[in-house]
Every structure is written in structure tokens, then in C-alpha cells.
Amino acid sequence: MTSNNPAVFLLMVNGQIEAADFPEYDDLYCKYCFVYGHDWAPTSGLEEGISQITSKGRGSQSLVWNFPLDITFKSTNPFGWPQIVVSVYGPDTFGNDVVRGYGAVHIPFTPGKHTKTIPMFVPESTSRLQKFTSWLMGRRPEFTDPKVVAQGEGREVTRVRSQGFVTLQFNIVTKDMKKLGYETTSEHSAATGLTRTSQQL
Amino acid sequence: MTEKLRAAKSKAASLLEQESIIEPASRLQSLRDRDTLTRFDRDTDPDLQADEDSSFAARLKFRDAARRAAKDKRAEAGLPTAEEAYNFFTFNFDPEPQQQRRKKRQSRRREAEEDGEGESGEEDEEGEEEEDLFIIDQSAQDFLEVRRAEYIGYSRRLQRERETLFVPSMRPVPASSKLPENVRPRYLEEEGLYVGERPHVCLTNQNILENRILKQAEGRKWFGDDGCIIALPDPIKESSSRPPLFHLEDELDPALQAVYRKALKTKHVNLYIAGMGDPQADYQLDVDVSGLIFSHHPLFSREHVLAARLAQMYDQHLTRQHKNLTRLLTDKVTQKCASKTKLPALSQVTQQRIAEYKHEVRHTRQLRDVEQEKDRALLKSIIRVWKELKALRDFQRFTNTPFKLFIRREKVDGEQDEQEFENDIMAEVSELEAEAEEDYQRKMSEYRRQHEEWKSWKRKQKKQKKKRQQEEEEEDEEREEELGEEPEKPEPPEKPDTGDLEEQVREKAARIRRKPGEPVLIPELTVSGPITPNEQCPRAEFARREDVAKRALFIKVLYNDKEVSRTDSRTLNMDFRVHFGQIFNLKIVNWPESIKLQVFESVGSSTSQLTEVCVPVPESSVLTGSAPFEEMEFSSNQRVTFNHEGVGSGVPFSFEADGTNTQTLLTSGKLSCCVSWAVGEDDVPLAPPSSQPGGGMYSGHRQMDAIACIGASGLNDMKKLGKWAAESRLDPNDPNNASIMQLLSVVSSGDVAVPEYFRLEQLQEEFNFLSDEELQRSRRFRLLRLRSQEVPEFRHFKCVPSMEREVSEKVFQDYEKRLKEGEIIDTKEHIDAHRALVAKYLQRVRESVINRFLIAKHHFILSDVVSEDEVPSIGGPGAGVLGWNLFKLAEPKRPLKPCRKERKKVTAQNLSDGDIKLLVNIVRGYDIPIRRPYASKPPASAKSGRSFTEPFTAPVSSQTPQQGSEWPFGQVTPLVRPFVEVSFQRSVLQTSTAEGPNPCWNEEIVLPFSAPNGDYSSTSLQSVRDEVFINIFDELLYDVVEDERERGNTIHTRIERHWLGSIKIPFSTIYLQSRIDGTFKVSTPPVLLGYSKERSLGSEGGYDAVRSLSEGTFLSLFITIEPQLVPGDTVREKFDSQEGERLLIASEVFEKEASGRFPKRPCLTTVIDINGKTVFVTRFIRPLNPPQELLDAFPNSPQETAEVVARYVSLVPSLPDSVSFAGVCDLWSTCDQFLTLLAGDEEEHAVLLCNYFLSMGKRAWLIIGIAIPEGPTAYVLTYEQNRYLIWNPSTGQHYGQYDTFCPLQTIGCLISSDNVWFNIQPYAAPVRMSFDVSKPNLWKAFFSRAFPDPGLSSVQPEGLVYRHTDRAVAVELQDRIEKVLREKIMEWRPRHPTRWNRYCISTLRQFLPKLELSGGREVAEEHRLELQSLLGEYRISGFPLHLPFSEIRPIIEAVHSTGVHKVEAPNVEFALAVYVHPYPGNVLSVWVYIASLVSAH
């Protein structure tokens, strides 16, 4: 693996879905999955997961999951950089399991620790009557595939309402990105890289 | 010490007391009152707060009581009284404690002084210490109170919270609280003052507001004398501040109606200058506006007019002098004369040159004369105008203009001058003389010639006269007429008079030239003259001057019609000159189209545009510094009149007193400006390259005039220009031609290259980080690009390598091969060239349609993205969740009638190989053919009683088993041991073996499914072309134990299987239908050797009685896909259409309504034709002639003709659209397209069949319905002999309306050539329906009285032309198929020799044409008998296969699926015969007879 001419670069993601802030709801759980391009392949770790149900603490407004994420991708092309899609579910007034929010965010590019807060949203019913019946029957509109929220195509037909936030924490390690010619680090390290090449020259 | 201090303190306290006492009691009272008020606001007890609704007075009282109570409480606790407390809290203590302390200190000082000086130092410290202690002591006692920690109860906390909140009361506020004490409300109205009526405000709201205001610190100031809130009398504005909203319904003044204007795009928006991309190239135009001179202005006085004219003439004079044309021409004349004389008059060439010279000299001289005359005239008029001016000045007795003309006389040397003059005249005269002489000579020669002619004519006439005397009169007359035109006798020309000439020349010279010896007059105009000051002018002139002083001018600079800047405003001077002297630097991005200067004149605050001057865009060689100023003349046609001395403009005026000789002058002048390209810091011109295409076009530069006159194209064609210059003999010395000469020299040196291209997006190149070629060459980019284009091979390519070198060329091999194949059609595959072409065409259509769908696929609707429950409807034909379905919940469960549960549907995205399985449940079979015994004797009659006409006559007599008796009684061998083999995608599975002709398997077969390229998206799944083959075989066991002794303990049998029939179901059908459930007819060969289609007697009950009516083998199947896949929706892209908008809307409404009422019945009004356009479906129906041969085949029997036609249609190969066009979109082709392509799906077959039937005079309709196993499909309905017949166009079979085994299950709509009817009957099965479309309660017509048929023309051709198919081609094809099949069979039997029985083959070959003729019926038994007799010693099993011909591959597959080749008996022989029957229009019917022969011995 320590070859000088790597064919792939690796992106190691670990972190956690820390907490969520859904002011009106309680007893929520979340699901996550990754959406990535054709050139990406997970080498280890879980691509999808479903968390425990968490309840609000007394007096606290946030729902804490601390649900770990750990996945490593390999890729040949930054195109289709992975995104994490989080969808949150929980019971409604009648105890039906309904969706409380969808959200997606790109995995950070740069190595290091990142904390991301994703605004969550749910699709709206198409009419008032639909809204009422969906509330009554506990079958709210959902995305056919949560991965829709990670892409732009087809979103123009939907109407959504924002609802809560989810906070995620990522620790990113990359390997061989620079060797393949992708610079993701800041100016400072770029400068050091430059001096190194000049020394080589 | 402490005592002293205490005393001091008490003193101070008493002082304080006194101070407070000094204040008047009343004020204290009021203060206290106010204080309570405020306290009430802030600290009132909650119980008080609760009682807020009570009146104010009551509250006051209550508060007093409360205060008292509090006082008591405090008194008990040994606290100071309320007053003290009040003082304590309200007093401003800040300064006082200090004061107090100062006092204390002072007192202490005093005491200390009294005590003595000695201790003071120590005491100071001590005293301070003590003082601190004392203060602490005191504070502890007086200000602090130690109490136990207070617990605030919940209710109290609530109360406190409520203290901070305030709910304003809705009760009216008493006037007393709104006004200062003891003031009565004053009502202005009562005092007689006008008070406006306030707008109505809800009283409660007003009260709330007043209450709220009163709670504020200075609430009372909001109230006026009358106790009301101070407000404007009427705060409502008279006029609305918002613009009124106009509604379309309202009658709007037409003048106010908005007019729609299309948005205009600026012409110059994207005209960037080429090469703008590089950062150095910023271009700058310098516009230098130096000044303005009016040649006429409305404020000109008469004198000004004359002066301006004078100045103008003088300018003209100066320029003429500067050019000095006269001199130039004179020089030229002399030079020419000199060169003429120099030439030796020898050769022909030189003589010609001399003649040319002469001509030129004459021409030049004429020009010179004209110029001289002009010069003289100008001089004369200058003098005349000056005289007029002087006269005017004298007349009006004041001077307005400083002009003064001096005329300088320049003395000339008289003699020399005279001599020159004389010389000149002499030269001219001599020239003229020479000319005249020449002319004379020419005329003389002419005369001589004419004279000769005349003489000869005379002679002739004389002769003729002599002749004529002998001729008749008639002729004479004619002759006379002929000779009537007698040529005049030419006059000899006059000799030119030289003396006369000289006189003429002299006279002319006197007129236009200065007399010799006369002094040269040189006018000089100066501006040194005095101007009469304002005071001395008459009133009118004074007014004019005043007016002039008021005027100011400025100039706007417009670049590409946009104002970029403007000059300062300058006042107009007395001399009507304005100097601006401003330079504007324009940094430009867009190509300059126009530069305009607008002159504005302002009088006071009003500004008016005088004129607009267009400045030409400079050549790129015109640079700042070197560019000369140009004077742009302008004029404006304003009409201005004044009542003072100003002459105005555009109005006539006169210089004469009597008003004659009027003239009209317009405002005009000259604008001096200079537009040039700036020069950068390092002397780089900031100009775009001169090769700009626009440059020459828009250049109005004077220097380029010569070029412009050739036309714009000449600019680019320098050769043409050079040619023109050579032809027109341009004078290289002429300064006017200098620029052209220079240009030509540049061109010939090749410095200027005009680009031959026009760049559309100049900036694009700057963004390319790689040239296109390089990008093309890169394999990696190519791969990425192909993938993003969703090319099938690469659509799911994973992990494109990161490095170019890692992408191997192999990746593209398949793709390139496919591309190449698109061009070269493999003729081997297709056998005949026509089909190859068709396949190619089809491929192209498919590609274009697929591309269209790829685009459409990215259009989403809500249901694609969001899954949402339908609103439950109450009742209705749909899922009435809230309606009757509620009652269904109460229904008793019926465990004996289980319903299939709906499975959860799986979206195809997250599937992978192995996830999908095909479930085939084979329930049972009916009427499977049974084996025939090997009777050496043929049965007497094997012919079934069924005749062709049977379907039409509804047979009632059931087919009786006639041959039951033939079976040897007590035979042990079963009738048949069938099993079912299912093959799909190379996996083959089979059921166990059952026994008997009506077996029951009830077995489930699970077949794996894998999608092509691992793509499980719905589009890909739809395009899967695999088919599920379900074959029924008979298992035969042969005992091969050769030794009889072993029979006891060994079983050695050979298993043979005989194919009995098959069912083919395309995967796409299963996918789209999600499940297929029913009893299907097994397609059995017309002849099955060794088997007979018999029914065992009475083995089944009465149930079979119905089924036995129809012939054939049936199989009950249930096929589905596990997990259930969501079939892709049809593309909802709206295709463009040529149908009328109204029709399209109507059809949409019709379809919507239909699907709303009967969601399960297909309704079709518009279809998409092969060009991708929406076409109304009735346009496809039109009577079309079938091939004549078919009609001639059975001239007497219309039924048989119909059958033949149906058979013909069914022979056109079928190709489902959903397979060819992966977007599940029905494309309909017209019949001629269909017959040309020779491929189409059920709709095309149905349309063709329907059209044929119509042309045959039948009543026919197209049925859109659902059938098994095809799914939604099209059938044809005909009405004959009072019966309705349903035709399956793909098989050519027909069913009666009441045929239970008709595959058509649901009828959605009927289509004829003029209408569409939707089925609104309660039942959709043909058995339970009425086909009478005239009943509106059963059939809903599309075109009704409300929406009549607009008369749609058909898209079908007038008639079909059939090419006669060559018999030879068919024979050739037949041979090729046979050869291929034989090779294949041998290939499939790699371990066994394949022997062919020639005798059998020849028999079969003879038999096949008979089969074709009979359509596969009737001859079966005869044939079998024939074979049996011939091949008695063989056990034959075999059958003919009948297929329409499209490609050879399906034929091979069909043969393979029968498994005939699998017979592994050692002595097996095979027979194979192929017959191709040609039908017109290249439709071929293929028969393949395959049989295996095993020797019975």
C-alpha cells in the first residue's frame, strides 16, 4: 500500500451523529446512509445505519444520539464526493411512525475535525385535505428514496418545510489525495508542499 | 469621640429633617400621590392588580388602605414610617452622604483642633478607622436587616411574574385621570371651533390604547385638553398613497391599458472585443471635446448672421488657399505639356500616349479654369458680405461682432506677369488650334468618304434610271420608293477660325482670371474690432445680449447609445463659441458601435437637446496625441423666435428694411472634438487589433472614403482594391490618394492579414485549460464523458482510474465495435439485404427515440420524488377507503377463499444481482396430447370433426373420442408422462413428471434473474428482451436392459423427452404486469408425430365440457417477480403535436375522465407516431387494400379470405415497442412504415388488420384492451353475420364474442376511423358486454354533438403497394436456413454422431408446402398416415414449427428449445426440412420440420 504511484485515494470518515434539535418532537431515531458517485467504493465500515430512539432529557431541548459513524471510502475521482443523508423519524400524536426530517451534507474535504449542523426538512402535503388525512392516518408524505435529498435532480417538483437541525461531527483522514494531484488542505500546507517540490528540483 | 461623632450625625440628621420639612406640605402630598401612583404601577400587590378593573377612585382608596396596612406592619417591626421610608427611598442620596461625611469630618476636624494639635496625626488614622467602623456599624443597624432566607412560593412567583406583565383594561378611562388635577375638560367644539370628524375606531381598542398610554411614565401628555388622544383631525389621507389596482374586469381607459412590448436585447451586449481575455489588453478611447462654434444660433443678431457668413467664407478661402488647387493644376498642365513635347512621335504606342496626354491636358485645364473661377467668385462674395456688414453696422449704430476684414494688395511684377499670362493664353490657344485643326482634319476625311459614297450612289442611280425605263410601272414605283432616301450631298467642313479662338480664350481669361498686372488681393479677417458695450445698445439688442448670457451648454457623451459622461455646463459667449476642453477616457469592453455627442442647451433650469453628433469610431491607428481635431458640423431644425434682436432659427427674416429677400437659417455649428485610442504607459496603444471585422464596416473616416466607395467587400479583398487602383490610374502624388497608396503598399508587403473566421465566443478560449484535441485524446476524460452521457456500456462504470495510463484501450473496444456495427450490418445475421437495411433504420429510430427518452427521464413529477397517500375517496369505482370499504371490514373472513396479499413494492435502485427471482408456479395442464400406439395399421379415420367454419357456427356437438377403442386394452404404458421445463436466461429448471393428459403439478420454480450490465433501473429492466420459455415435454422411458437375466435386479432405462408444446412469455410483460395469472394456450405444432390430440373419456367432470369446445392444450400458470418491482412509468413528456390545441385538451380530458371512472380500462385517444409527434388515434384507421393475391386465393369464401388476410398480418414479425424503446412508450407507425420495417407490436398488427378488413367491406373496429399474456394490447373486432368476432392480430386467430378462452380479458375502448368509444359498461370482459356503440349509456363517444369531429385526415397512405417477393430469394433463404440449422444441431450434439435420414427429409419437404397452403390444419392426419406407412419401422417424433421470418436467431432458438437434438439413442436419425413461403411485400412464412427417428427394432 505504500507505493509511490497510488491508483486510489482513501477517505476515512469517523464521527458521530451527535444530537438533534427538534423543538416539538420527542422519541426520535435517525437513519443515515451515504450517497456517492460511481468512482467511489466503501472499503470498510457501515454504509447505512439506524440509531436508537432517543428522548429529550429533562429541561434540555436537544435529542442526543451520539451514534457513531465509521466508514472508509476509496476513490479515483473526487467527482461524486460522498454525502451523508440523515433522515429522522419518530412517532406522531397517534403513535404512528412518521418522518421528521431529511437532510444531507457533504463529507468534509479537509482532514481534521469538523462539526456540521444540517437543517432538516420534510416534504409538504400537496393539499390541505391531503395534509389533514395524512395527519389523521399517520402517513405523512415521504421521499420515495431518502437519497433524493442528496441530489438536485427532480427537487423542483417538491415543496418542503424546514424542521429542526441535526448536528454531526466528523473526523476526516485522507490518504494519497495529494499524490493524485488533489489539494484539499489550506494555503499554508500548500506552500510547504511547494517548497518541497522546489527542493526536489 | 464616638459620642461627638454621634452628635454630629444627629445634627446632620436634624438638618436633613429640616430640609425636608421646608418643603411645602401640599407639594409633598402631591409627590406622595404621584409616588403611590408609580409604586402602584411597579410594586402593587398582586391582589391589587387583580382588582384593576375597578374604577380608579376605588383603587386609590384601596391603595390607601393597603398603604396603611403596610405602615402598621412596618411600625410593628420597628421600621420607620412610610414617610421616612419614602424619604429614604426617593431621596437622592448620592450627594448627601458625602455632604454628610464632609460635615462630619468638618465637625470632627473642628473638634480635633479643639482637642489639640499633637495627637492629630495619629488620631487622623485612628479616627478614619473608627469612622469606617462606625459606618459599618451604622449600616448594619440602620440599612440592613438580617432575615431568614425567603422562600418564594409558586403562587407568589406567579404573582411576581404577573407583576411584570400588564393587561390593559378595556374599560373607558375616566376623564379625570387623563387630565391634570383640577382641570376640566375643554371641548373645542363647544367653543365653536371647527373640529374635524375623526374616523371611527372601535371603542374597546381606543380604551385599550388609552389605558396603555396612561401606564407610561408621562402618559398624560398624550391627551389633549378635551381628554382625548391628541391626533390630527382626520389622519386619513384624502388620496390613496398606494397606486390603485386595476382589475381586468373593470373597464379600463384604453389609453391606460398596458401595452405588451417584447423585451429588447441590446445589440452590443455580447460584442466583446477579441482578445479581451488577456489582462493586458484593456482598451481605452479618449474622447476630447474641445469646443463648439455656432455658425448659426437663434440668438444671432443680423450682424452675427453676416459675420458668420463672412467667417465661413473666409475659412473656405483659407482652405482653398491652403490646398491651392489652382496652382497644382496649373503646374500639372505645364508638366504634362512638357512631357508631351518630350515624347518622340515615332511609334504607334507613343502616338497613342500623346493623344492621351493631349486629352488629359485639356481636361486638367478645364478643371483649373473652374477652380480659378471659384476662387475669384469667393473673393468677390467675401468683399460683398463685408460691405453689407459695414452697412449694417452703420445702420444699427452698434457693433456686435469683432470681425474686421482687411484686404491686402500684393504688388506683382507687371511685365513678368503679363508675359506669363500671354504665354498661358498662347499655349492654350495653340492647343485649341491644334485641336481644331485635328478636328477639321477628321471632319475632312469624313467628308471625303461621304462624298465618295455620294458619288457612287449617283452613278448607280443613273444606271438604274436607264434600266428602269424598260420596266413596268409597278416596279418603277417600288424603285422610286427605294431610292427616295437620297443621301444628302455632304458639305465640306469649314476651316476653323483661329482668330476667333484667341478671342474666346482671352474673354474667358478676363472673366475668371486676374488681369495681368493687377495686384493680388488677399483678404485678412481679424477679430480685433471693438464691440459696442451693452449700455450703448438699444433695448432690443440689450435684451438679446441678456438672453445670450443666460444660456449655457453642455455635451453628453454617449457610447453605444449609453451615456457615459457629460461635460461641465459652460455659458454661451457673445461670440457664440463654447470652449469645453475636456477629455474623457473611456475604458471599453464592448466593441465600439457608435460614439455620439449630444449638445444640450440650458436656459435657467430647463434643458433642451440641440442636436446630436455622431463621431466615427477611430481606426486603431488613430492614437491620442497624433490625432487631429475634427470639426463635426451639426444642425438642428428647431424653430425659435424671439421678440428681441435675435433672428431666431427656422423662421424667415430679412436684412432689407422692406422685408424682401427673406432667408431662413437653421441652428447649426461645428463641434470640435477628437476621438482616438489612448496610449498606454509604455507607449503601447490601447487599441484593439485593426483586424476587427467590425472596424472597417463602421468606420466613417474620411481617409477611408475611397475604400468605402468600392463597397464593404472590397475591404477584405485587397487584390480587388489593387486592381481597381491600377485600372483607375490613381495619381500617386495626389494627397487624396495617399491613404489608398499606403494601404496598397502595406497589402502588397503582406503585413495586414484579414482573418477568415468569425469567433462566436471569444472568451471561451480563455477558460479552456486544455485544448479540445487533448481532451479528445485523453482516454480518461473520454470515459468520464461517455459515462455522463449515459452510454449503455459505461452507464454503470465504476471507479474510473485516476491516471490516464491506467485506462486501457480495451475499455472502449466493445463500444467502438458497437458503433462500427451500427454502420455495417452483418448480412449473415439477417440473410437478406432488405432486412439488413430495415434493421439499420430501426436502430437509428431507436437511438433517436432513446435519446429523447434519456432527456425526458430526467423530468420528475411529484410522485417520483415524494410518496404520498392518496386522499381516500368516498365510494366511487376507485379505492373507496372511507366508503363501502368500511363496511367490508365487517365482512366475515373467508378462510377458504384466500386472497393474494399485495406485496411491498421495491424500487429498483437498491438491487443487485441475485436479489431478483422469477417465480413460476405451474399449476396444471389440460388436454396434453397423448401418445399413439405404434399401430402398424393406420386408423380408419383420424380426422376430427372440426371444420374451419366451426367458430362461426358455434359448434354444439362436442368432439367425441373416436379412437378410444384403438387403444389396446389393458396396456400398461401411460397415455403420456408430461413435465414442464422452464428456461430463462440460460437457467433451465423442470417440474417433476406427472401422468396423464390432464396433469396437476402445482410446483413452484424459482429462476434467478440478472439485469443487463447490472443495471436495475426501471428503464433497463424494461428493455430486457429475454423471454421465459415454458415447454411441455413427454418423458419416455425405454428399457435398455439387454440381458433378460439382469432384469430382475437391475434397472437400466433411457429417458427420452418429446417436446409437446411451449409458451413464450417475454420478461417485459411480466415486469410490466407484475404478475401473470391464468390459463394459457400452449402453442403446439400442427402435427405431432407419435401423438394424438385425444381426450380421455369422462376423466373430468362437467367443468371440462365448456373448455372442450375449443381445441388446444392449456396450462395454468402463475408467474411473478420476487420481490415485486415497481414498473417504470411511461414517459410523460409532452410531445409536440400538429393536432389542434382544442383536440388535445379534449383528449386529455377524455382520458382523465375515463381513467377516473374505470382505472383498469385502458383508454387511448392520442398516440405517438414514429417521428415522436402526438397524433390522434383515429387518423390511423383507414381502409387499405390487402395484397391482391390474398384476395384472389379464395374468391368465393369471404371467411377464408379473412383468415388468410389475418394470417398474412400475423406473419409480419412482432417486436414489442417496450423492448425496442426502453422508455415504455408506444410508438405507432403507419401501415406503410410497418410493412417497410416489417416489425411492429400488436398495435401495428391490429391497425393493419383493421384497415384490411375495412377495405374488404367489413365493419371493423380497433379494440384497446388487456389480454393475457400480452397485457395492454390491441385487437380487432369485426361484425359479420350478426356476430362479433375478436381477432388476435399477432397470431391471426379469431374468437367469437362468447368464447371463454379468448385471451382478451378487458375491453377499454373501440376505435374506428371517425370516433373513439370508451367502455362505460359495468363489465369489461367481452363475454358480458354489448358492442353496440350507438348506445350512449354503454359507450362514451369522444366526438359527440358537443364536440364534433373536426374532420381529421388520415396519416395512412392512400393505398399500399406490394412488391412481389421473388420466389428465388425465398428458395435461397430456405437453403441457407436449413444449412444453418443442420450445423447448429450437429453443434449441439458434440458427443454423438448426427445422422440424417434423407428419405424422411424429402418426404417432409414435400409435405411442408401443403401445410402452408392449409394454414397448418386438416392435413395433419393424412400426413401422419403417409409418414407412418413410409417409415413403419421407425419410431418418429417430430413436428413442424411455424414462424414469421425476421431474423435467423429466433428460428435457431425455437428449434433448440424443442430439445429434439437431445435424443441420445444410439441409433437415432434426424430429419430436418425447411420451407419458406413468400408473401407479397417481403413477408415470409418459415416452416421448419424437425423429427427424430429411432428404429423400432
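This is a predicted model: local features need pLDDT of at least 70, side-chain atom pairs count only at pLDDT 80 or more; totals for chains, interfaces and linings use all residues.
Strand β9 of chain A, residues 142–143, pairs with β14(B) in the antiparallel sense, over two bridges. Within that pairing, F143(A) has V866(B) in β14(B) as its bridge partner.

### Where the chains meet

How many residues of each chain are in contact with the other chain? On one side there are 29 residues of chain B, and on the other 31 residues of chain A. The size of an interface is often given as the accessible area lost when the parts come together. For chain B and chain A that buried area is about 2400 Å², with 55% of it on carbon and sulfur atoms.

Now look for charged partners across the boundary. The count between chain B and chain A is one salt bridge. It is formed by D39(A) and R787(B), whose closest N and O atoms are 2.6 Å apart. As for polar contacts, two residue pairs are counted between chain B and chain A, both at pLDDT 80 or more.

Which elements of chain B each supply at least two residues of the side that touches chain A? They are α25 (779–788), α29 (862–865) and β14 (866–867). The largest share comes from α29(B), with four residues. Sorted by class, this side of chain B has 13 nonpolar, six polar and 10 charged residues.

### Strands within chain A

Chain A has its own strand pairings to follow. Strand β5(A), residues 63–75, is joined to β1(A), residues 9–21, by 11 bridges, and the two run antiparallel. In that pairing, Q16(A) stands opposite P68(A). Strand β5(A) also pairs with β3(A), residues 40–45, in the antiparallel sense, this time over five bridges. There, F73(A) in β5(A) is the bridge partner of P42(A). In your viewer, you can trace β5(A) and find β1(A) and β3(A) as its partners. As you do so, keep in mind that in a regular strand the side chains alternate between the two faces of the sheet.

### Strands within chain B

| Strand | Partner strand | Sense | Bridges |
|---|---|---|---|
| β8(B), residues 595–603 | β9(B), residues 606–615 | antiparallel | nine bridges |
| β27(B), residues 1166–1169 | β28(B), residues 1174–1176 | antiparallel | three bridges |
| β27(B) | β29(B), residues 1227–1228 | parallel | two bridges |

Start with β8(B) and β9(B), which form a hairpin with two residues between the strands. In this hairpin G604(B) takes a positive phi near 65°. Along the strands, Q598(B) has E612(B) in β9(B) as its bridge partner.

Next comes β27(B), which is antiparallel to β28(B) but parallel to β29(B). On the β28(B) side, T1166(B) stands opposite F1176(B). On the β29(B) side, the bridge partner of I1168(B) is L1227(B).

### A salt bridge between distant parts of chain B

Over all chains, a search of the whole structure finds 31 salt bridges. One of them brings together the side chains of K670(B) and D315(B), at 4.0 Å from N to O. This pair links distant parts of the chain, as K670(B) lies in strand β13(B), residues 667–677, and D315(B) in helix α11(B), residues 302–323. The two residues are 355 residues apart.

### How confident is the predictor?

The model as a whole scores ipTM 0.79 and pTM 0.48. Chain A has a mean pLDDT of 86, with 91% of its residues at 70 or more. Chain B averages a pLDDT of 71, and 67% of its residues score at least 70.

Some stretches call for careful reading. In chain B, the pLDDT is below 50 over residues 273–280, a stretch with 20 contacts in the model beyond near neighbours in sequence. Residues 473–484 of chain B also stay under 50, with eight contacts beyond four places in sequence. In chain A, pLDDT stays under 50 over residues 189–201, and there the model has two contacts beyond four places in sequence.

Methods
Residues are numbered from 1 along each chain as its sequence is written. Chains are lettered from A and ligands numbered from 1 in the order in which they are written. Side-chain values use heavy atoms; hydrogens and water are left out. Contact means heavy atoms within 4.5 Å. Buried area is the accessible area (1.4 Å probe) that two parts lose on being put together, summed over both. A polar contact is a pair of N or O atoms within 3.5 Å; within protein, one must be able to donate a hydrogen and the other to accept it, and residues adjacent in sequence count only if both atoms are side-chain atoms. Ala, Val, Leu, Ile, Met, Phe, Trp, Tyr, Cys and Pro count as nonpolar, Asp, Glu, Lys and Arg as charged, and the others, Gly among them, as polar. Two strands pair if DSSP finds at least two bridges between them. pLDDT is the predictor's confidence in each residue, from 0 to 100.
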